[in-house]
Amino acid sequence: IVYLLVLLVGAAIAIRPIGLPIGIAPTTRGLYDLVEKLPAGSLVWYGNDISAGDPEMFPAIVVTMKHLLSRPLKLMFITMIPDGPMVYTRAMDELKEFTKNKKYGEDYAFMGFLPGEETALAALASDFRGTAKTDYYGKPIDSLPALSKVKTAKDFDLVIYISGQFPTMHAYFRQVQG
């Protein structure tokens, strides 16, 4: 009887949805507005340390990348965890519609996995070109117009970081935030 009731309630909701409102969190609205206010050509550092084993965070990555790619910005994607490139590739596969008018190297670049945790992040933030000689695909940084003006983290107009990893989150606050 209980299973029958659950089935009937589930079917009734599927046929006639309740229509509960979905609210937008102030932090979500704040990030959206911040990206919208960036002038064309602004350079954005997008750090993503979501593991392939964290599927509940993947939609946040995709929607943030979608918003960034829909704007006339220069983007640098990077990850501090080994399976980050797999997450990036999966997200970009879902966003092909938003990259068809973008050119790799000119509009965006992927630095891949940066090993070394906080030490590597500190080195990248203080000496980008000395730390990262090539992108994820082995292309020299100097051949990527999107990153042509980058010397330190201060050259970025905005840093966005999404993570469920507390050690790297705190590293971003200590090494890149300032």
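**Figure 1. Arginine 129 and its salt bridge with aspartate 142 in the predicted model**. Arginine 129 is partly exposed, its relative accessible area being 22%. In this predicted model, arginine 129 forms a salt bridge with aspartate 142, and the closest N and O atoms are 2.9 Å apart. The pair links distant parts of the chain, 13 residues apart: arginine 129 belongs to helix H7 (residues 128–131), whereas aspartate 142 lies in the loop between H7 and strand E4 (158–163). Aspartate 142 is exposed, with a relative accessible area of 66%. Side chains of opposite charge can pair when their charged atoms come close.

**Figure 2. The salt bridge between lysine 103 and glutamate 106**. The closest N and O atoms of lysine 103 and glutamate 106 are 3.7 Å apart. Glutamate 106 has a relative accessible area of 36% and is therefore partly exposed. A search of the whole structure finds six salt bridges.

**Figure 3. A nonpolar patch on the surface**. Ile1, Leu4, Leu5, Leu7 and Leu8 form this patch, and together they have about 590 Å² of accessible area. One of these residues, leucine 4, is placed in helix H1 (residues 2–15). Leucine 4 is exposed because its relative accessible area, 52%, is over the 50% cut-off.

Definitions and conventions:
Residues numbered from 1 in each chain as written. Predicted model: local features only at pLDDT ≥ 70, side-chain atom pairs only at ≥ 80, totals over all residues. Heavy atoms only, no water. Patch = residues over 30% accessible without salt bridge, like charges linked within 9 Å, V, L, I, M, F, W, Y side chains within 5 Å. Areas by Shrake-Rupley, 256 points an atom, 1.4 Å probe, with all protein chains shown as cover. Salt bridge = Lys/Arg side-chain N within 4 Å of Asp/Glu carboxyl O. Helix = DSSP H or I, 4+ residues; strand = E, 2+ residues; numbered from the N terminus. Buried < 20%, exposed > 50% of the residue type's maximum accessible area, 1.4 Å probe, protein only.
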